[in-house]
Amino acid sequence: MSAAFRLLRREMAIAWGRGGGLLVTGGFFAGATLLLPLASGPEPERLAQIAPGAAWTVLALSALLGLERLFERDFEDGALDLMAHAGLPLEFTCALKCLGHWLATGAPLAFLAPVAAIALGASPALAPLLFACALAGGLAFAFTGGIGAALSLGARRGGLLTAVIVLPLFVPPVIFGGGALDAFTSGLPWRAGFALLCAYAAAAVALGPLAMAAACRNALS
Amino acid sequence: MSLSLQIEDLSLSRGGRRLFQGLSLDLGPGQACALTGANGSGKTSLLRAVAGLVAPDSGRIGFGGADPAAARASGLHLLGHLDGLKPSRTAGEELDFWAGWQGGAPIALGAAVDRLDLRRLLDLEVRRLSAGQRRRLALARLLAAPRPLWLLDEPLSPLDAHWRGEVLEIMAAHLSTGGLVLAAVHDPLPVAALSLEIRP
């Protein structure tokens with residue numbers, strides 16, 4: 001078994017262990033989505049109108065959960081020291097950790113997002129696009145979120161700092177994904193927004209690990 | 001894999017404070033060096049500098065002509081204050097992961113488990129282990145994935161008298177096969193032929 005696969009498997013086991021990862025993230029997602037009718041009123045037409053955007057925004061916020069621990073635990077217990085001087089480049093290690101985070105929490109949320117949107121009254125026809133947006137957007141959130149997590153290593157209240165760093169990086173995918181969903185709902189061309197979202201996710205996957213590794217090295221030194 | 005360690009005229013600062021300067025050391029196969037010095041004198045930082053985690057202000061760290069990045073990636077073990085173990089995972093899962101991560105073979109892993117008497121602990125979560133048991137688990141990594149240079153930070157501190165003796169025997173065996181040990185210690189290290197006191 002390759003070192004990369006071992007790390008990916010370990011990351012997922014830690015994220016899923018003791019009901020961490022998905023239960024917390026999924027619970028937050030479901031809870032926040034359920035709050036929406038309480039705040040905006042139960043009229044079906046109104047809810048159906050805002051359902052896709054609401055599900056998409058809550059998904060972005062849910063992605064923030066768990067980011068703080070992406071590198072912090074390894075930093076605190078010395079595992080990051082061992083990973084930093086391994087044969088695998090630290091950039092690749094960071095990418096694997098983000099991929100593991102996405103597989104453990106982001107990808108399952110992609111299944112929850114259409115369900116939540118439909119529960120709020122969105123058209124079932126929107127489900128495939130929302131699922132695809134959540135998958136691509138989840139990758140973007142995980143890999144840009146990793147930058148914030150790495151930059152806040154060793155800081156007090158790192159979770160808050162991570163959110164402050166990461167939220168501006170979440171703006172483009174939220175706009176692109178939200179735009180695609182809105183266009184689809186209105187019967188307008190939606191492919192451009194979705195393509196931009198995928199491009200942003202690809203850029204985050206390609207460039208994010210470079211920034212994460214540099215931030216980790218800085219924290220370790 | 002044969003390796004040697006050369007530290008030449010090394011100076012290191014941390015947090016704006018100069019820890020040491022002009023430090024030199026030449027360690028060949030089969031040699032051990034005990035790093036001594038007061039708390040905060042820079043013993044741990046020196047080990048981290050050799051591992052490539054901390055950049056020195058000046059000086060050179062060499063590995064007998066080998067490419068430093070390659071030597072660090074596959075030629076050394078760092079055993080720091082922190083053991084890199086996840087409390088929620090079992091001892092067996094953690095040992096298996098780190099042995100594989102560092103390129104160890106299953107047969108060496110089994111031998112390491114037996115040598116450090118860890119077999120009955122493998123199914124326990126790391127959080128259930130005592131400090132000494134965790135230390136033995138961390139030390140098992142050194143045997144599970146053999147590498148010539150061991151950088152050890154207080155390797156004996158949480159161990160009882162029996163296991164201190166056992167670990168010293170393990171170090172001696174490692175040295176006898178051409179390995180190197182650079183260990184930060186407070187008490188003299190019986191297997192170390194060399195001693196280097198770090199002072200500002």
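Student: What is the accessible surface of chain A?
Tutor: Chain A has an accessible surface of about 9500 Å², and carbon and sulfur atoms make up 71% of it. Such areas come from the Shrake-Rupley method with a 1.4 Å probe, and for residues only the protein chains shown count as cover.

Student: Before we go on, what sort of model is this?
Tutor: This is a predicted model, in which local features need pLDDT of at least 70, side-chain atom pairs count only at pLDDT 80 or more, and totals for chains, interfaces and linings use all residues. Residues are numbered from 1 along each chain as its sequence is written, chains are lettered from A and ligands numbered from 1 in the order in which they are written, and side-chain values use heavy atoms, with hydrogens and water left out.

Student: How many helices and strands does chain A have?
Tutor: Nine helices and zero strands. Helices (H or I, at least four residues) and strands (E, at least two) are DSSP runs, numbered from the N terminus.

Student: And how compact is chain A?
Tutor: Its radius of gyration is 18 Å, close to the 17 Å that the globule rule gives for 221 residues, so chain A is as compact as a globular protein of that length. The radius is taken over C-alpha atoms, and the rule is 2.2 Å times the number of residues to the power 0.38. The C-alpha atoms of chain A fill a box of roughly 55 × 35 × 35 Å along the principal axes.

Student: How much of chain A is buried?
Tutor: Of its 221 residues, 50% are buried. Buried means under 20% relative accessible area, exposed over 50%, and partly exposed in between (1.4 Å probe, protein chains only).

Student: Pick one residue. Is A:A204 buried or exposed?
Tutor: A:A204 is buried, at a relative accessible area of 8%. It lies in helix α9 of chain A, residues 191-220.

Student: What does A:A204 touch?
Tutor: Leaving out residues up to four places away in sequence, A:A204 touches A:A140, A:F143, A:T144 and A:P209. Contact means heavy atoms within 4.5 Å.

Student: Switching to chain B. What is its pattern along the sequence?
Tutor: Chain B reads β-β-β-α-β-α-β-α-α-α-β-α-β-β. That comes to six helices and eight strands.

Student: Which residues of helix α2 in chain B are buried?
Tutor: In α2 of chain B, residues 68-75, the buried ones are B:A71, B:R72, B:A73 and B:G75. The buried residues of α2(B) pack against α1 (43-50), β4 (58-62), β5 (76-79) and β6 (149-153) of chain B.

Student: Where is B:A184?
Tutor: B:A184 is in strand β7 of chain B, residues 180-184. With 0% relative accessibility, B:A184 counts as buried. Beyond four places away in sequence, the residues that B:A184 touches include B:L35, B:L47 and B:E154.

Student: What is phi of B:E154?
Tutor: Phi of B:E154 is near 50 degrees, a positive value in a residue other than glycine. Most residues other than glycine have a negative phi. B:E154 sits in the loop between β6 and α6 (161-176) of chain B, and B:E154 is buried, with a relative accessible area of 13%.

Student: Where else does that turn up?
Tutor: Phi of B:D117 is also near 50 degrees. B:D117 lies in the loop between α4 (106-115) and α5 (131-144) of chain B and is partly exposed, at 38% relative accessible area.

Student: Last topic. How many residues of chain B are in contact with chain A?
Tutor: 27 residues of chain B are in contact with 26 residues of chain A. The area buried between the chains is about 2200 Å², with 57% from carbon and sulfur atoms. Buried area is the accessible area (1.4 Å probe) that two parts lose on being put together, summed over both.

Student: Which residues of chain B lose the most area to chain A?
Tutor: They are B:L53, B:K86 and B:W101, which together give 32% of what that side buries.
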